[in-house]
Structure formats: C-alpha cells, structure tokens
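Dear colleague,

Please find the structure below, handed over for your use. My notes on what was found in it follow directly after.

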Amino acid sequence: MASITNEFLDNLLHAEKTDGFFEALFCGVEEGAYDIVLRPRQESDRSVDLAFELHQRPGRCLVCSLTYGLSGVFKRHPIINANGLARAIADAKGWKSCSWDIGSTREESSALHWIPFRVVCQD
C-alpha cells in the first residue's frame, strides 16, 4: 500500500489547476487571492485525511476572499474534481471503492486557510 506524498498530490492537483479554477470562477486568473495545494495530514490503512491548503498570493487578502464558502464549491467544481482526486488516492492505496467528504474551511493564519478532505476505504 502506497503512502500518499506531497509529490503524488502535486501531480493530481498541479499549480495550473488553481489558475483554471479562478479562470472558471471569475473569468480571470488575476482575481485569485490564493494558491490551492493539496497536502496529506494523516493516513491509515482505511482512510486518508488531507487538506486543500489556500496560500495567500502576494499583495492579496486571503481573509477577504470568502474562503468560508469554498467547501461546497470544492465538492462540485469540475476543475477541483474531488471525486477524481478521491478515486486516484483510493487507487494508490489499493482500495476498490471509497467515499469522501470535504469539511469546513479552517483559518490557520491570515495567510493560510485550509479545507479538510477525507477519503475513506469502502472495501
């Protein structure tokens, strides 16, 4: 069973997807106040807890960018593709089926917010 690494997650949710997300959401990447990075938090044989980290871009205000409504957006946005991310994580773990959920935004600092993303084995 593979461990979920930063490198693996960077290949799933690469930097260009952040720009694509803002292009789709605001019709322009220049409106984006943060970069989205997917990071592992905790892992077991039956579940993987991750975080969509929202890193403030220089000269932008992360606190002002309405990050608290993003969990609902991330659940259904085709560029984020949470279902595809969960499936890729399940495949890497050797799971045949999985369920997933995205929690509410948490503020770690004024420059870093994160959204919990949990993938659970359903085998």
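Strand β2 (residues 47–56) is largely enclosed by the rest of the structure, because eight of its ten residues are buried. Here buried means under 20% relative accessible area, exposed means over 50%, and partly exposed lies in between (1.4 Å probe, protein chains only). Helices (H or I, at least four residues) and strands (E, at least two) are DSSP runs, numbered from the N terminus.

The model is a predicted one: local features need pLDDT of at least 70, side-chain atom pairs count only at pLDDT 80 or more, and totals for chains, interfaces and linings use all residues. Residues are numbered from 1 along each chain as its sequence is written, and side-chain values use heavy atoms, with hydrogens and water left out.

Strand pairing

Two strands pair if DSSP finds at least two bridges between them. Strand β1 (residues 34–43) pairs with β2 in the antiparallel sense over nine bridges, and Q42 stands opposite D49 in β2. Three residues separate β1 from β2 in the hairpin that they form. Strand β2 also pairs with strand β5 (residues 112–121), again antiparallel and over nine bridges; V48 has V119 in β5 as its bridge partner.

Salt bridges

A salt bridge is counted when a side-chain nitrogen of Lys or Arg lies within 4 Å of a carboxyl oxygen of Asp or Glu. The count by this rule is eight.

One of them joins D35 and R57, with the closest N and O atoms 2.9 Å apart. D35 lies in strand β1 and R57 in the loop between β2 and α3 (70–76), so this pair ties together parts that are 22 residues apart in sequence. D35 counts as partly exposed at 32% relative accessibility, whereas R57 counts as buried at 14%.

Another links the side chains of R41 and E108 at 3.9 Å, N to O. Since R41 belongs to strand β1 and E108 to strand β4 (residues 106–109), the pair ties together parts that are 67 residues apart in sequence. R41 is partly exposed at 38% relative accessibility, and E108 is partly exposed at 49%. R41, E53 and E108 are linked in a network of salt bridges.

The side chains of R118 and D49 also meet in a salt bridge, at 2.6 Å, N to O. This pair links distant parts of the chain, with R118 in strand β5 and D49 in strand β2, 69 residues apart. R118 is partly exposed, with a relative accessible area of 39%.

Helix α4

The twelve residues of helix α4 (residues 82–93) should span 16 Å at 1.5 Å a residue, and the end C-alpha atoms are 16 Å apart, which agrees. The expected span is 1.5 Å times one less than the number of residues. The buried residues of α4 are A82, L85, A86, A88, I89, A90 and K93. Their cover includes α1 (6–12), β1, β2, α3, β3 (98–102) and β5, where contact means heavy atoms within 4.5 Å. Just after α4, G94 takes a positive phi of about 85°.

Cysteines

The structure holds zero disulfides, a disulfide being a pair of cysteine sulfur atoms within 2.5 Å. The sulfur of C98 has its closest cysteine sulfur in C121, 8.3 Å away, which is too far for a bond. C98 is partly exposed at 22% relative accessibility, whereas C121 is buried, with a relative accessible area of 5%.

Kind regards
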